[in-house]
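Me: I would like to learn how to read a few features of a protein model. Can we go through them one at a time?

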Amino acid sequence: MKELFDRGEFVVSAEVGPPKGIHVDELVEEAKTYLKGVHAVNVTDNQSSVMRLGSLAMCKVLKDAGMDPIFQLACRDRNRIALESDLLSAAMLGIENILCLTGDHTKMGDHPQAKPVFDLGGNQLVGEPPKFSKGAVVSPCSDSVDAQLAKMERKVAAGADYFQTQAVFEPEKFIKFMEKAKQFGKPVQVGIIIPKSAGMVKFMNNNVAG
């Protein structure tokens, strides 16, 4: 990812969510069919605190299928020992891109009684791991823009190479945010979700953080 940004390319990635099980053949075939035009494939890490197949395993499967995965790594479920171990495992498996997230609280998911960890935050996890393209997350349409810019600055200082935004539904807010964020000199990918229906949007509004 970093090499693409350094060359000044307009980088497009798409997101896949691992299944709630071990059968991945259909997901891989769909990814090969519909995502062949993107530069990289984001693989979510138990998104919205809902238990799914691990991001790292899915990244390895996609890489073996010829795609360039982005390993999403949430601090919610791991202490620093597990986080560092997973990063080393990713490097050993040839995964070159990571996206560091703090993660949604467990009370939002399908196991609300699960104990959250949050030993580190996303800005601390970015750090200096083995040769990864290190991505971080920002919410440009948040009600507190200054707080988001402060988080972004800390993540840049920690070593973030690029940013991906949460879903943007208010282009005007995004444009105003980027006018301020360009001071950091880092590439920013705008998050776009294409709703399947009005029901999907209502569900997201009621249940998905951010």
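Me: Which backbone nitrogen does the side chain of Thr-165 reach?

Reply: Some ground rules come before the case. This is a predicted model, in which local features need pLDDT of at least 70 and side-chain atom pairs count only at pLDDT 80 or more, while totals for chains, interfaces and linings use all residues. Residues are numbered from 1 along each chain as its sequence is written, and side-chain values use heavy atoms, with hydrogens and water left out. A polar contact is a pair of N or O atoms within 3.5 Å; within protein, one must be able to donate a hydrogen and the other to accept it, and residues adjacent in sequence count only if both atoms are side-chain atoms. Here, the side chain of Thr-165 reaches the backbone nitrogen of Gly-191 at 2.7 Å.

Me: Is Thr-165 buried or exposed?

Reply: Buried means under 20% relative accessible area, exposed over 50%, and partly exposed in between (1.4 Å probe, protein chains only). Thr-165 counts as buried because its relative accessibility is 9%. Contact means heavy atoms within 4.5 Å. Leaving out residues up to four places away in sequence, Thr-165 touches several residues, including Phe-174, Val-188 and Gly-191.

Me: In which strand is Thr-165 found?

Reply: Helices (H or I, at least four residues) and strands (E, at least two) are DSSP runs, numbered from the N terminus. Thr-165 belongs to strand β6, residues 162-167.

Me: How many bridges join β6 to β7?

Reply: Two strands pair if DSSP finds at least two bridges between them. β6 and β7 run parallel and are joined by 3 bridges. Phe-163 has Val-188 in β7 as its bridge partner.

Me: Which way do the side chains of strand β7 point?

Reply: They alternate along residues 188-191.

Me: Which residues of α7 are buried?

Reply: In α7 the buried residues are Phe-174, Phe-177 and Ala-181. Seen down the axis of α7, they fall within an arc of 65 degrees, so they line one face of the helix. The arc is that of the directions from the helix axis to the C-beta atoms. The face turned away from the buried side carries the exposed residues Glu-172, Ile-175, Lys-176 and Glu-179.

Me: What covers the buried residues of α7?

Reply: The cover includes β5, α6 (145-158), β6 and β7.
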